[in-house]
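I opened my notebook to look up a few things in this structure. Here are the entries, in the order I made them.

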Amino acid sequence: MNMRMIREALEASVIEGEDQMELPVEHVYASDLMSDVLAFGKPHSVLLTGLATQQSVISAHMAEFRGVVFLRGKKSTDGARRFARDHRLVLLSTGFDTYEACVRIEAIRKGTPAGPEAGADPRPDAELSLSRDFCIMGGDYANAGSVSTEVKSILKKIGLDPRLIRRIAISTYEGEMNVVMHARRAKARLTVTPAMVQVTIEDQGPGIPDVELAMQEGFTTATEEMRAMGFGSGMGLPNIKKNADEMRIDSRVGEGTSLEMKFRI
Amino acid sequence: MDTRELIERLQLKQLNQFKHRSIDGVFISDMVSDTMARARPGNLWLTMQTYKSIIPAANLVDVAAVVVTSGKEVPAETVELAARYAVPLLWSELPTFELAVKLHALGIG
């Protein structure tokens, strides 16, 4: 199955990626909850969502998806379109709802053999070390995801294993969204050594009164506004724990939270 | 098809007690506001959203049942609310896409 077949089956218009219609697509993932895309979506999938925002496209990029289909005739935001163009994701738009889209894609998927699984990429031979600092602003939804996008792009240039990059990108994105949703601002630092990648995010914010509770899947203090963006379903910290080799949280109520994530190379 | 047959055919888990009723079409969304705007009475609502606000929304639209997909753990307060309003609450391990495909194969929607 490829993007062109999906476009035809959904009678979709192409918002971005006209030149990438032959890209093979291996899986389909239907969700409006971005943490679930990050937690359960498989690489080389296409995302079906009614959430036509930049965050949907960033989430798909972090999870190594091929593209995103906006459903129910939802109009793409300029931010979503720009991000898709800059990061080579296909962006389609269809008037069908989620159920009809699933059924139509299944009809073409049944008729075609599964695409070849992507082979393992060669291990990097460059052993280098670097450190970069970033700033994340609380409440700045327009730029939410820009730090993790930059982190992903740096790690890609270094040539790390794509599966490792995906885990780091997803964890960083969840950490970044937590700052945007809950804190005032944060300093983020990416440190790469030949053996390890470390991401730390230190915020000034309300802190977490009960870290153990916050680590539980489904626990959330998110507002309706955050949920409307597909976040705040209580999956963020559990997602980080699942993806990082080591995770440490220190939090002081009224001061802030420090999150440290380590990934072995 | 009604909810009783559906539960049996797709081996769904029933999370509360309710009166079985017939299903008329399928609606999929994880956004409560979308569901309130677009789902129709009698629809089967597939969602990964487990926050308690799905229950008043389902009640308002008068869906046939809510099916939580992808094996998502449902918080106790959501189940309690479903019991209080007698909103049929079902559960499946299958991801939304896979469940939708099976529903279509059963001729629903």
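**Two residues with positive phi**

I started in a loop: Gln11(B) sits between helix H1 (3-10) and strand E1 (13-14) of chain B. Helices (H or I, at least four residues) and strands (E, at least two) are DSSP runs here, numbered from the N terminus. Gln11(B) is not a glycine, yet its phi is positive, near 50°. I then looked up Glu64(A), also not a glycine, and found a positive phi of about 65°. Glu64(A) belongs to the loop between helix H3 (54-62) and strand E4 (67-70) of chain A.

**Ground rules**

I note that this is a predicted model, where local features need pLDDT of at least 70, side-chain atom pairs count only at pLDDT 80 or more, and totals for chains, interfaces and linings use all residues. Residues are numbered from 1 along each chain as its sequence is written, chains are lettered from A and ligands numbered from 1 in the order in which they are written, and side-chain values use heavy atoms, with hydrogens and water left out.

**Where chain B touches chain A**

How many residues does each chain bring to the contact? I read 19 residues from chain B and 23 residues from chain A, with contact meaning heavy atoms within 4.5 Å. Met31(B), Met48(B) and Phe97(B) supply 30% of the area that chain B buries against chain A, more than any other three residues. The area buried between the two chains is about 2,100 Å², and carbon and sulfur atoms give 62% of it. Buried area is the accessible area (1.4 Å probe) that two parts lose on being put together, summed over both.

I counted three salt bridges between chain B and chain A, each a side-chain nitrogen of Lys or Arg within 4 Å of a carboxyl oxygen of Asp or Glu. Lys72(B) and Asp36(A) meet in a salt bridge through their side chains, at 2.9 Å from N to O.

Which elements of chain B give two or more residues to this side? They are strand E2 (26-28), helix H2 (32-38) and helix H5 (96-105). H5(B) gives the most, with six residues. By class, I have 10 nonpolar, five polar and four charged residues on the side of chain B that touches chain A. Ala, Val, Leu, Ile, Met, Phe, Trp, Tyr, Cys and Pro count as nonpolar, Asp, Glu, Lys and Arg as charged, and the others, Gly among them, as polar.

My search of the whole structure finds two cavities of 30 Å³ or more. On a 1 Å grid over the protein atoms alone, a cavity is a set of points where a 1.4 Å probe fits but cannot get out, and a pocket is an open set with protein on both sides within 12 Å along at least five of seven lines; lining residues have an atom within 4 Å of a point. Grid points are joined across faces, edges and corners, and a volume is the space filled by probe spheres set on the points.

The largest cavity holds about 50 Å³. Its lining includes Glu217(A), Ser233(A), Thr50(B) and Lys72(B).

The largest pocket has a volume of about 620 Å³. Of its 34 lining residues, Asn178(A), His182(A), Ile208(A), Thr221(A) and Leu237(A) are the closest to its centre. H7(A) gives the most to this lining, with seven residues.
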